[in-house]
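Take a look at the model before reading on. The paragraphs below go through it piece by piece.

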Amino acid sequence: MARDTSINKNQSHPSYATEHDVRILDEELNAMRAHYVILATLDVLIGLIGPHLLTAQETPTERQAAREILRKMDDLEKSLDVPALVAKLTAPNAGRDRVVARAKELMEKELLALSDDIGRNPEIGFEEHRSVEKLTAYLEQHDFVLEAGVAGLPTAFAARSHPAGSPPRLGIIVEYDALRGTKGAFHGDQHNAQGPVGIAAAIAIAEHLAASKLPGSVTVFGCPGEEMMPPNAKTQMFEAGVFNGIDVLVRSHAVMATSRPAPGFGTCCLNIDGVKYVFSGAPAHQMTSWNGRNALTAVIHLFNNIDSVRSSLRPEARIQGVIAEGGAAPNVVPDRTVADFYVRYPDEIYLKQVREFVDNAARAAALSTGTKVKIDHYGKTRDGISVATLAEVGFAYMKKYGAKNVLEEPGKPQGYEETGSVSREIPGLGFTAASSSAPNHTYEMDGDNFTDVGHQGFLVDAQAMTALLFDFAGNPEYRAAVKREFEGIRTLFAEYLRELEKTYTVPQVAEPTAK
Ligand SMILES: [Zn+2]
């Protein structure tokens with residue numbers, strides 16, 4: 001079963017998300033492993049569907065809802081004959097090799113040095129001014145036209161090879177924010193390399209399209225603050241229409257093991273709603289506290305109320321929060337407190353019920369303490385879509401260009417970016433060639449940025465990304481296959497969500513009567 005592999009992969013590259021901020025602890029992983037062993041047993045019992053497709057669903061209820069849908073997805077995948085497609089596209093091709101060699105040359109001459117430079121000058125999310133300056137200056141030197149500060153985000157940008165944007169429109173997502181560490185910012189997730197990798201591919205492909213007089217355009221999307229929310233930068237950019245008209249999106253991300261997702265829909269770390277509860281009361285002297293209203297009592301009630309309803313929620317729900325503000329002094333009744341929660345469930349349909357319980361726990365806390373609460377739903381991450389027509393070709397290219405530590409078994413289906421908002425609307429792929437011998441978010445992974453381990457992985461990503469974009473730009477049949485698979489999975493995903501809507505009924509609660 002692929003189950004254990006996918007869990008180990010989650011551990012080695014929690015590369016999708018806000019999960020970066022909420023690290024999976026060992027004990028949680030052990031609990032998840034136990035959970036997955038049970039699910040693996042269920043797989044055997046169900047035993048009707050391709051094993052790689054089953055990994056998307058995490059609860060028995062979801063599996064039941066997905067059975068027919070996964071069978072249809074299996075049919076879709078078989079009809080695409082992806083192995084034949086991979087063999088055809090990755091066969092010897094002198095034209096492709098020249099374009100890939102150009103990307104490699106750019107990396108070796110200048111862009112690995114730029115990766116080192118950004119790595120040595122880390123900037124946290126939404127403050128990446130120097131990094132953006134360096135990346136966009138390089139793109140402008142190579143005739144890309146810069147649009148700075150897109151979607152109202154000062155450190156977001158779009159840089160276009162052909163501003164008119166003739167199709168096929170190729171998009172490359174690059175990120176550059178560092179982690180917030182106790183000793184200051186550091187690039188323990190190697191986002192410093194994403195810009196240089198994506199830019200090498202962008203320039204090589206743009207030059208190729210121009211020299212060959214082929215239709216097409218390349219846009220590099222600078223996406224800030226992947227490690228932080230709010231705001232969810234890519235969701236905000238998507239909603240502002242920044243990605244409109246793009247036919248395919250790629251990005252790279254650091255990992256310990258070279259991997260790719262199975263086709264389907266899913267996410268690494270459950271669907272998440274980020275919610276802040278802000279309580280306001282009235283201040284008073286501690287000795288005459290009846291003259292005030294205590295916002296700290298309210299926020300403590302919130303936590304207790306949540307604990308009191310856990311048994312009325314499905315066991316896979318994860319509700320964890322912190323008190324971000326708890327008052328200022330023990331002799332003043334606190335008149336303002338803030339709690340910050342991540343509310344998680346494996347699917348977004350039941351998540352709505354879970355969040356309503358938590359929101360009501362906050363309302364009840366305010367009501368019972370005579371305070372007021374403001375509920376701020378500030379961010380969300382959702383299932384994304386992965387397609388084999390991109391993932392398998394990208395994986396074959398990563399191996400061709402010398403990727404190390406290869407995991408042959410596909411991982412869990414998931415989108416190429418952490419929010420799910422973009423990857424369920426535009427087909428794409430995240431390139432993940434091994435670029436460190438240490439796990440994500442560590443000082444050791446930061447250290448590998450500057451060694452052969454890192455540089456070699458970044459070179460593989462740049463070359464594989466260039467090769468795949470070369471195929472996508474020049475091969476209408478390939479584009480059609482990607483589109484057919486993506487639209488097919490999207491339709492089945494919608495069907496799955498409708499099935500779940502039917503499954504998760506809410507019990508009827510009768511009006512109380514006098515006797
Ligand atoms: Zn990351």
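Predicted model: local features only at pLDDT ≥ 70, side-chain atom pairs only at ≥ 80, totals over all residues.

Look at strand 9 (residues 271-280) beside strand 12. These two pair in the antiparallel sense over nine bridges. Within this pairing, Gly274 stands opposite Gly379 in strand 12.

Now turn to helix 7. How far apart are its end C-alpha atoms? Helix 7 covers residues 129-141, which is 13 residues. At 1.5 Å a residue it should span 18 Å, and its end C-alpha atoms are 18 Å apart, so the two agree.

Ser131, Val132, Leu135, Thr136, Tyr138 and Leu139 are its buried residues. They sit on the same side of helix 7 because they cover an arc of only 155 degrees around the axis. The general rule is that an α-helix has 3.6 residues a turn, so residues three or four places apart point the same way. On the other side of helix 7, His129, Glu133, Ala137, Glu140 and Gln141 are exposed.

What do the buried residues of helix 7 pack against? Their partners include helix 6 (94-120), helix 8 (191-211) and strand 6 (217-222). Strand 1 (145-148), strand 2 (157-160) and strand 3 (169-174) are also among them. After helix 7 comes Asp143, whose phi is positive, near 70 degrees.

Helix 14 is another case. Its 23 residues, 452-474, should span 33 Å at 1.5 Å a residue. The end C-alpha atoms of helix 14 are 33 Å apart, which agrees. Helix 14 is mostly covered, with 19 of its 23 residues buried.

Next, the nonpolar cores. The largest has 103 residues. Ala200, Ala201, Ile205, Ala464, Leu468 and Leu469 touch the most other members. Helix 14 gives this core its largest share, 12 residues. Take Leu469 as an example. Setting aside neighbours within four places in sequence, Leu469 is in contact with Leu170, Ala201, Ile205 and Val250. A second, separate core holds 30 residues, including Leu270, Ile319, Ala365 and Ala366.

Technical notes. Residues numbered from 1 in each chain as written. Helix = DSSP H or I, 4+ residues; strand = E, 2+ residues; numbered from the N terminus. Expected span 1.5 Å × (residues − 1). Buried ≥ 20, exposed ≤ 12 C-beta atoms within 10 Å, placed from the backbone. Arc of directions from axis to C-beta. Contact = placed C-beta atoms within 7 Å. Core = buried A, V, L, I, M, F, W, Y, C linked by C-beta atoms within 7 Å. Pairing = 2+ DSSP bridges.
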